[in-house]
Amino acid sequence: MSNWKGAIQNEWDILWKKKTTKFFVGFTVLVPISLGWLLDKVNLSFGLLPISSSGIPLFTLAILISAYLPLLIFMLVSDGLTFQPQVLKAFFLRPIHRYKLYCARIIAIAGLIAIHLGLALFTSLLSGWMFQEWLGWEAVREAFLAYGLSFLPLLLWITIASFVAQWFRSQTGAMISLILIFTCSYIFLYINPAASAFSPAHYNDWHTLVSAGASATESILYGTSYLFSTGFLFFLIGLVMFERRNI
Amino acid sequence: MIEVLEAKHVTVRYKNKRGVHDISLTLRQGEIFGLVGPNGAGKTTFLKAVCGLLRLGAGEVKICGQSIHTNYEKAMLHMGCLIESPALYEEFTAHHNLLLHSRFYNHVDREQIEAVLDQVGLSRSKSEKVKNFSQGMKQRLGIASALLSKPKLILLDEPTNGLDVDGVIQFKELIRSLSLDSQLTILISSHQMFELESLCHRVGIIYDGELIGTNETSDITKMNQTLEQWYIEQIRNQRDDAAYV
């Protein structure tokens, strides 16, 4: 077995073994189902329908990307990538380069986040269909696109969190700092709207730009380059710090 | 004789100026080498430098001819380590812990995992979660993890920590048989002089970050000395030299 494959498989095993991982997967499935059920009840009781069935996947996505998935990312990263010698030592003494271990951890976390998005997409489509009506293939295509595109800003948050985690020895310290950075990046949007494009939080709902189509071509190009370049930069700095650790 | 470990002029300096300075050591195949020294002398630092946990300030380490610096993966294929306390995942069973490690080697299969668990006397507890293990059981699992890949060299840092009397006896028998039957080279650091005296072919003293002396254990006993007496003499000479300077 190549050590790449072994490392990713190990990280996946370690992630999946945690009770919190299973709990949050369950929660992600429950969000769209309860949302569909709630809308159905509101509709029956008051004759009002604040969100149509086609809106359930996008409304669910808005809930996920605004805070829930970033917080989950911070929890996973601060657990797996902070400088805890006893945890790191387990695989540092094996025939595998550290950069492969770092990448394997990021790939495993990114994989889990992709699963969360996939599950949320599937259950939100199902929820809309069950509690309201079939939303049509065009809405399904839009939902797929929106969920797929939302993965990119989340990937950026993973690389930022992995970089920040390198400065901490404890999970709690890293988690608190990441929450503060996340909050500040949102506050920055309101304090300085002119420079909001430099805040990662600005791209959390990046999929809406793409859904807007050709009218936003310039913004799409700028957003794409920002997401990739910033993500790559944080990934590289985090990797160098991880590589140079003395245990 | 094949040289399994070649450490040349190994130097590591911590920010507090401690560490190890200019240590050179060569170990031959099948040899058991014991490292002794006071607390903070640099035994663990030297072992960590050999296995790549610490970056070298100067010097070079080769395992079976492969440099730990330039050919890390190939060098580590030949080495098993137990440094300080064993690094284990508490939520996993003993078997699963070894399975995680086995994925980095092409030649380690489930039979080998069972074999090392049997070697360290953990076969009956292989399906128990590590969080329910005693300190001694964790130490045994750490030793199993070091032996897993059938390495040519193993580094053991205070390996009998937490082991009961039976565990220590079993451990010594295991080390002897590995050296004799499998021609495994073993580098052990310990405070237990009696243990090293009965186990090692050669011993070395690390004092204040330097390797101040090495000797064959048979030569020490030929001089009608115990390892402890030889150790005290060497340390005293070193202190006298330092005072004289």
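Modeller: Over all chains, the structure holds 19 aromatic pairs. Bear in mind that this is a predicted model.

Colleague: Why is the pair of A:Tyr102 and A:Phe242 called tilted?
Modeller: The planes of A:Tyr102 and A:Phe242 make an angle of 45°. Stacked needs planes under 30 degrees apart and edge-to-face needs over 60, so the rest count as tilted. The centres are 5.1 Å apart, and the limit for a pair is 6.5 Å.

Colleague: What makes this a link between distant parts of the chain?
Modeller: A:Tyr102 sits in helix H5 (residues 98–131) of chain A and A:Phe242 in helix H9 (residues 217–243) of chain A, 140 residues apart.

Colleague: Why do A:Tyr102 and A:Phe242 count as buried?
Modeller: Buried means under 20% relative accessible area. A:Tyr102 has 0% relative accessibility and A:Phe242 has 1%, so both labels follow.

Colleague: Why is the pair of A:Phe163 and A:Phe234 called tilted?
Modeller: Their planes stand at 50° and their ring centres are 5.3 Å apart, so the pair is tilted. This pair also links distant parts of the chain: A:Phe163 belongs to helix H6 (residues 137–165) of chain A, A:Phe234 to helix H9 of chain A, and 71 residues separate them.

Colleague: Which residues do ring pairs link into a cluster?
Modeller: A:Phe23, A:Phe24, A:Phe27 and A:Tyr68.

Colleague: Now the two chains. What makes A:Glu243 and B:Arg55 a salt bridge?
Modeller: The nitrogen to oxygen distance is 4.0 Å. The rule asks for a nitrogen of Lys or Arg within 4 Å of a carboxyl oxygen of Asp or Glu, so the pair qualifies. Between chain B and chain A the count is three salt bridges, alongside 18 residue pairs in polar contact.

Colleague: Which helices of chain B supply at least two residues of the side that touches chain A?
Modeller: Helix H2 (72–76), helix H3 (94–102) and helix H5 (135–147) of chain B each do. That side of chain B divides into 16 nonpolar, six polar and six charged residues.

Colleague: How much area is buried between chain B and chain A?
Modeller: About 2800 Å², with carbon and sulfur atoms giving 54%. B:Leu53, B:Arg103 and B:Phe104 supply 28% of what chain B buries against chain A, more than any other three residues.

Conventions
Residues numbered from 1 in each chain as written. Chains lettered and ligands numbered in written order. Predicted model: local features only at pLDDT ≥ 70, side-chain atom pairs only at ≥ 80, totals over all residues. Heavy atoms only, no water. Buried area = accessible area lost by both parts, 1.4 Å probe. Salt bridge = Lys/Arg side-chain N within 4 Å of Asp/Glu carboxyl O. Polar contact = N/O pair within 3.5 Å; in protein donor to acceptor, adjacent residues only side chain to side chain. Helix = DSSP H or I, 4+ residues; strand = E, 2+ residues; numbered from the N terminus. Nonpolar A, V, L, I, M, F, W, Y, C, P; charged D, E, K, R; others polar. Phe/Tyr/Trp six-rings, centres within 6.5 Å; stacked < 30°, edge-to-face > 60°. Buried < 20%, exposed > 50% of the residue type's maximum accessible area, 1.4 Å probe, protein only.
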